[in-house]
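Let's take a friendly walk through a few helices and a few individual residues. Have the sequence and the structure open as you read.

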Amino acid sequence: MSNRADTRAWIEIDRAALRRNFRTIQRLVGPAGRIIVMVKADGYGLGAARVAGALEPLDPWGYGVATAEEGIALRNAGIRRPILVTEPLPSAATEAAASAGLTASISHPSQLDRWAAVAHLSPAGLDFHVEIDTGMGRCGLDWREAAEWVTFLRARTGAQLRWTGVYTHFHSADLVDESSAEQWARFREALRVVEADGVGRMVHAANSAALLRFPEYRGDAVRPGLFLYGGDPVPEVRSAGDSGTHLPRAEVVLSVRARIVMIREVAPGTTVGYGATYRAARRERWATLGIGYGDGLPRALSNRGSALVHGRRAPIVGRISMDLTVIDVTEIPEAAVGDVATLIGRDGGEEITLEEVASQAGTINHEILTGLGSRLPRVEVGGGADVE
Ligand SMILES: *Cc1c(COP(=O)(O)O)cnc(C)c1O
């Protein structure tokens, strides 16, 4: 265990909650719906192999990663299911990706040529999915040009090089607008051309936000990331009211905790942190936490965020440093050196959500998760109790 008394800060990962979030998605998509678990960026900071290890018994269709390296790491961790690499493979990574039997995403004919050239490296042959760009504009073949690229792709496909999937990606599934409907219509238009040959291919489009909001755009498979890890993919939709309020919520999977390494009583006028941006208004009691922006606690939370100590909120005072953060515990007299403060997660009846931290930091919860530093040990909790 890494949250023993000499550990200054750590991340707790609740495996049972992760599994319950997966089951929530299974219930939403039904028995025929496949789930591609997105574990890019080391499982959003939770650890890709750990996430896969927890979810393997629940039978996901496969995993989604951004890079060949991430896919190879999963193979090395013993994962045998399909692993879809969503980013275009750089030429230098193609051989290794083929040898590991990864599934490539094709966004350009030249990428398929390269994939074809390494198909012999995988005894079972290679699979690929085609990404169709319907408005995201990063990768993918243009939906308007399906007739051209379909001819090219079909001509290169065979027993050793199998075209097994087609997908697109929504740019605003978390916003209240009509863009997802428009993207889906574009996708359907291209799919009509793709599907004219009668070959069954797995169709997928939905990230966490889309799979919660749009049952009609789920296709054959969904690609959740954030929801599995306890983030709310649709905070704006919820705050817009009505249509958002009934959407399922993910259970908290991750908590960020740090110990109080020092406590001081300070006189009025005492300043704290770089720039001395906070000054004690009265006699105050300050606790110094062993965590800072070098651990991924956003510096934007300086003088804005809070921590939970003994189930109560204590405001962050002054600027967050690389390694240390100071909170005002004047109202929590029992706080003592060695006590645990919660920066993200629950303590008693109080909770600091990922969304709260993300909004204070002016970003999305994905970035908070993936920004959590490697300096923080990951500690698994809740491994046993896996209640349906
Ligand atoms: C990251 C990603 C997802 C998952 O998105 P979430 O918002 O985390 O659910 C799905 N599809 C693709 C292509 C992605 O890159």
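The expected span of a helix is 1.5 Å times one less than its number of residues. Please keep in mind that this is a predicted model.

## Helix H1: length and ends

Helix H1 covers residues 15-29, and its 15 residues should span 21 Å at 1.5 Å a residue. The C-alpha atoms at its ends lie 21 Å apart, which agrees with that expectation.

Where H1 starts, Asp14 brings a side-chain oxygen to within 3.1 Å of the backbone nitrogen of Ala16. After H1 comes Gly30, with a positive phi near 80 degrees.

How many of the 15 residues of H1 are buried? The count is 12, so H1 is largely enclosed by the rest of the structure. Among the buried residues are Leu18, Phe22, Ile25 and Val29, and also charged ones, including Arg15, Arg19, Arg20 and Arg23.

Which elements do these buried residues pack against? The partners include strand S1 (9-14), strand S2 (34-38) and strand S20 (378-381). Helix H3 (48-55), helix H9 (208-213) and strand S10 (221-222) also take part.

## Helices H6 and H7

Now turn to another pair. Helix H6 (residues 109-117) packs with helix H7 (residues 146-156) at an angle of about 5 degrees, and their axes are 11 Å apart. Angles under 35 degrees count as roughly parallel, and H6 and H7 are therefore roughly parallel to each other.

On the H6 side, Pro109, Leu112 and Asp113 make the contact, while H7 contributes Phe152, Leu153 and Arg156. By type, the residues of this contact are four nonpolar and two charged, with no polar ones.

## Ser179 in helix H8

Ser179 belongs to helix H8, which runs over residues 179-194. Is Ser179 buried or exposed? Its relative accessible area is 10%, and buried means under 20%, so Ser179 is buried. Leaving aside residues up to four places away in sequence, Ser179 touches His171 and Ser172.

## Two loop residues with positive phi

Ala276 is not a glycine, yet its phi is positive, at about 45 degrees. Ala276 sits in the loop between strand S12 (271-272) and strand S13 (278-279). With 36% relative accessibility, Ala276 counts as partly exposed.

Asn303 also has a positive phi, near 60 degrees, and is a residue other than glycine. Its loop connects strand S14 (284-289) and strand S15 (306-309). Asn303 counts as partly exposed, at 35% relative accessibility.

Note on methods: Residues numbered from 1 in each chain as written. Predicted model: local features only at pLDDT ≥ 70, side-chain atom pairs only at ≥ 80, totals over all residues. Heavy atoms only, no water. Axes fitted to C-alpha atoms, helices over the stretch in contact; angles between N-to-C directions. Helix = DSSP H or I, 4+ residues; strand = E, 2+ residues; numbered from the N terminus. Parallel < 35°, antiparallel > 145°, perpendicular 65-115°, else oblique. Contact = heavy atoms within 4.5 Å. Buried < 20%, exposed > 50% of the residue type's maximum accessible area, 1.4 Å probe, protein only. Polar contact = N/O pair within 3.5 Å; in protein donor to acceptor, adjacent residues only side chain to side chain.
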